[in-house]
Amino acid sequence: KMWITNSPSADFMCLLANTSDDKPHVNKSLIVVPMKTPGITLSPHLDKLGMRSSETAQVFFDNVRVPQRNRIGAEGAGFMMQMLQFQEERLFGAANMIKGLEHCIDVTIEYCKERRTFGQPLIDNQVIHFRMAEMMTEVEALRALVYQATELYVKGRDVTRLASMAKLKAGRLGREVSDACLQYWGGMGFMWDNPVSRAYRDTRLVSIGGGADEIMLGIICKLMGILPGKKLG
């Protein structure tokens, strides 16, 4: 299995595995697998672009066996349980972006107040302070979407559509904000240890992990009733 987050330091994993030859939606089960189980080996840490404080590796299975009591829920129910869990994961991914995006904008504003060109602070350029206002407005829109989805989720509602929208918006906004802010730092923004440079690298994962942007768009289109059906023949 590829791209397994925190696998080098984990005590156990929650594994979604095929446990029968039935149809894809009913042949999967969730299983708790201790990482020290015989037959499990890991690759060296993967050298990622961002999120480098989180260890990631490949996990290899060679005739790994665990008792049936390690199964979570009924056999064959793993796929549906995983789909429900994705609502939480995608909502968290969107919520987790909000303060980071605010921080990225805030530190860029402070830098632009201190950095002077042509006798005035960078922030006094209309193109820059207008851009900061636009980006902060987008962050507040993301916050409102996350709050709405979370409120409905707490009430027990299906928020697949809103969670997918929030995840999509968070990933795209992460790229937009970090790229725009890095530009205003100039050469300083291109340095590895710059906080905006780190945000530029780290936020890129949000549009990939937990379901890529294209997956989110497909889900949203399906729930809007505009996704073309599969053609037969």
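Me: How should I read the angle between two helices?

Reply: Axes are lines fitted to C-alpha atoms, for helices over the stretch in contact, and angles run from 0 to 180 degrees between N-to-C directions. Helices are DSSP runs (H or I, at least four residues), numbered from the N terminus. This is a predicted model, where local features need pLDDT of at least 70, side-chain atom pairs count only at pLDDT 80 or more, and totals for chains, interfaces and linings use all residues. Residues are numbered from 1 along each chain as its sequence is written, and side-chain values use heavy atoms, leaving out hydrogens and water. Here, the axes of helix α3 (residues 160-185) and helix α5 (residues 213-224) come within 9 Å and cross at roughly 145°.

Me: Which residues make the contact of α3 and α5?

Reply: Contact means heavy atoms within 4.5 Å. On α3 the residues include T160, M165, L168 and R175, while α5 contributes D213, M216, I220 and L223, among others.

Me: What is a nonpolar core, and which residues have the most contacts inside the largest one?

Reply: A nonpolar core is a set of buried Ala, Val, Leu, Ile, Met, Phe, Trp, Tyr and Cys residues joined through side-chain atoms within 4.5 Å; buried means under 20% relative accessible area (1.4 Å probe, protein chains only). The largest one has 36 residues, and L142 and V177 have the most contacts inside it. Helix α3 gives the most to this core, with eleven residues.

Me: What does L142 touch?

Reply: Not counting residues up to four places away in sequence, L142 touches A94, I98, L101, A166, K169, A170 and L173.

Me: Where is the second core?

Reply: That separate core of eight residues includes M13, V33, I40 and V59.

Methods: Helix = DSSP H or I, 4+ residues; strand = E, 2+ residues; numbered from the N terminus. Buried < 20%, exposed > 50% of the residue type's maximum accessible area, 1.4 Å probe, protein only.
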